[in-house]
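Subject: Structure handover

Hello,

Here is the structure for your files, with notes on what was found in it below.

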Amino acid sequence: MSNKLNRLFKSIADPTRREIFSVLVLATTTLSITQIAERFDITRQGVTKHIMMLKEAGLIEISSEGREKFCRANPEPLKDIYEWVKFYERFWDDKLTGLGKYLDSKSNDKT
């Protein structure tokens, strides 16, 4: 698995990071780190660490205005996870289709 995909999975593995990402997606605009931290029962420093992990995975973009940092969600990298999951969806669809055909042939043999 690529490093990029590993970073994505690691970044969304934590429920707090998923919630931070969701807050930003639903906000449809940039939010300051302070605005994000106010929504969580952890320190601003803790929220910042989560944000930095999401940034490393490419899920958050950070810009500065004066001393304040603003975050914006970037859901584009989630397409990589979708493609990874889609491969296994096709795999299992093929296996289940094969099983269904096998079971149908067995039930036809009995009649």
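Glu68 counts as partly exposed because its relative accessibility is 24% (buried means under 20% relative accessible area, exposed over 50%, partly exposed in between, with a 1.4 Å probe and protein chains only). Please note that this is a predicted model, in which local features need pLDDT of at least 70 and side-chain atom pairs count only at pLDDT 80 or more, while totals for chains, interfaces and linings use all residues. Residues are numbered from 1 along each chain as its sequence is written, and side-chain values use heavy atoms, with hydrogens and water left out.

Salt bridges

Side chains of opposite charge can pair when their charged atoms come close. The structure holds five salt bridges (a side-chain nitrogen of Lys or Arg within 4 Å of a carboxyl oxygen of Asp or Glu). One of them joins Glu68 to Arg44, with the closest N and O atoms 3.6 Å apart. Glu68 is in strand 3 (residues 68-73) and Arg44 in helix 4, so this pair ties together parts that are 24 residues apart in sequence. Helices (H or I, at least four residues) and strands (E, at least two) are DSSP runs, numbered from the N terminus. Arg44 is partly exposed, at 40% relative accessibility.

Asp80 and Lys4 also meet in a salt bridge through their side chains, at 3.0 Å from N to O. This pair links distant parts of the chain, with Asp80 in helix 5 and Lys4 in helix 1, 76 residues apart. Asp80 is partly exposed at 29% relative accessibility, and Lys4 is partly exposed at 42%.

A further salt bridge is formed by the side chains of Glu83 and Lys86 (3.5 Å, N to O). These two are separated by about one helical turn, because they are three residues apart in helix 5. Glu83 is partly exposed at 43% relative accessibility, and Lys86 is partly exposed with a relative accessible area of 25%.

Helix packing

Helix 1 (residues 3-13) packs with helix 5 at an angle of about 100°, their axes being 10 Å apart. Axes are lines fitted to C-alpha atoms, for helices over the stretch in contact, and angles run from 0 to 180 degrees between N-to-C directions. The two helices are therefore roughly perpendicular to each other (angles under 35 degrees count as roughly parallel, over 145 as roughly antiparallel, 65 to 115 as roughly perpendicular and the rest as oblique). Lys4, Leu5, Leu8, Phe9 and Ile12 of helix 1 meet Asp80, Ile81 and Trp84 of helix 5.

Helix 2 (residues 15-27) and helix 4 (residues 44-56) pack at about 75°, with axes 10 Å apart. That makes helix 2 roughly perpendicular to helix 4. The contact (heavy atoms within 4.5 Å) involves Thr16, Arg17, Ile20 and Phe21 from helix 2, and Val47, His50, Ile51, Met53 and Leu54 from helix 4.

His50 is buried, with a relative accessible area of 15%. Apart from neighbours within four places in sequence, His50 is in contact with Asp14, Thr16, Arg17, Ile20 and Ile42. The C-alpha atoms of His50 and Ile20 are separated by 8.1 Å, although these residues are 30 residues apart along the chain.

Leu99

Leu99 lies in helix 5 (residues 78-110). Leu99 counts as partly exposed, at 43% relative accessibility.

Regards
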